[in-house]
Amino acid sequence: RKELEEGQAKVRADLEGVLFRDLTAPRLELPAKGTPQAELLQLMEKRHELDRKYWEDGTITGAVYHGEREHMDFVGKVYGQFAFFNPLHASLHPATRQMDAEVVAMVLRMYRGPAGSCGAFTTGGTESILMAMKTYRDWGSATRGVREPNIVIPLTAHAAFDKAGHYFGIEVRHA
């Protein structure tokens, strides 16, 4: 037991060393008054550069999807133009709705979707996995009568599979 506790303490210390290194001006509560924009932008720039330093050399995969800095700046500018639009309100944002439909059509064409195919946007890996698992659960129930769905995943699978299993009543078996 003592050896296990010592091992856990070492793992915790190592993890804390990685997670808490480089913290910049930690804030644990809302300030009494707003931070001036220039000061906040300066802090965000410092944090932005800090976040970039561990992956910008291109040796990390799967955590950051990027091109060169110029491309990322371009994508950020385009994203910023639409960041506050809610595509659920399609009648208020016709251009956003059009871009959504165009991308879905491109992907359907790329994957040779048959007549009647459709698609939907998700906002990231976790949501994509959740929606895929819900879709398969619903499809299995409707077309094959599956009442106790399960999925077998490796221990290294994304945590969203376990989350989806919990949310949607799907047994998750780890191999």
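These legends describe close-up views of a predicted model.

Residues are numbered from 1 along each chain as its sequence is written, and side-chain values use heavy atoms, leaving out hydrogens and water. Because the model is predicted, local features need pLDDT of at least 70 and side-chain atom pairs count only at pLDDT 80 or more, while totals for chains, interfaces and linings use all residues.

**View 1. Overall fold of the protein.** The protein has six helices and two strands, arranged along the sequence as α-α-α-α-α-β-α-β. Its radius of gyration is 22 Å, well over the 16 Å from the globule rule for 175 residues, so the protein is more spread out than a compact globule. (The radius is taken over C-alpha atoms; the rule is 2.2 Å times the number of residues to the power 0.38.) Helices are DSSP runs of H or I with at least four residues, and strands are runs of E with at least two, numbered from the N terminus. The C-alpha atoms fill a box of roughly 55 × 55 × 40 Å along the principal axes.

**View 2. Surface and contacts.** The accessible surface is about 14800 Å², with 60% belonging to carbon and sulfur atoms. (Areas come from the Shrake-Rupley method with a 1.4 Å probe; for residues, only the protein chains shown count as cover.) Of the 175 residues, 11% count as buried. Buried means under 20% relative accessible area, exposed over 50%, and partly exposed in between (1.4 Å probe, protein chains only). Among contacts between residues at least 6 apart in sequence, 26% join residues at least 24 apart; a contact means heavy atoms within 4.5 Å.

**View 3. The largest pocket.** This pocket has a volume of about 590 Å³. (On a 1 Å grid over the protein atoms alone, a pocket is an open set of points where a 1.4 Å probe fits, with protein on both sides within 12 Å along at least five of seven lines; lining residues have an atom within 4 Å of a point.) Volume is the space filled by probe spheres set on the points, which are joined across faces, edges and corners. The lining has 15 residues, with Pro87, Thr96, Asp100, Phe121 and Thr123 nearest the centre. Helices α3 (69–82) and α4 (94–110) each supply at least two lining residues.

**View 4. Asp22.** Asp22 lies in the loop between α1 (2–19) and α2 (37–52). Its phi is positive, about 70°, although Asp22 is not a glycine. At 29% relative accessibility, Asp22 counts as partly exposed.

**View 5. Arg112.** Arg112 sits in the loop between α4 and α5 (125–144). Arg112 is not a glycine, yet has a positive phi of about 55°. Its relative accessibility is 75%, so Arg112 counts as exposed.
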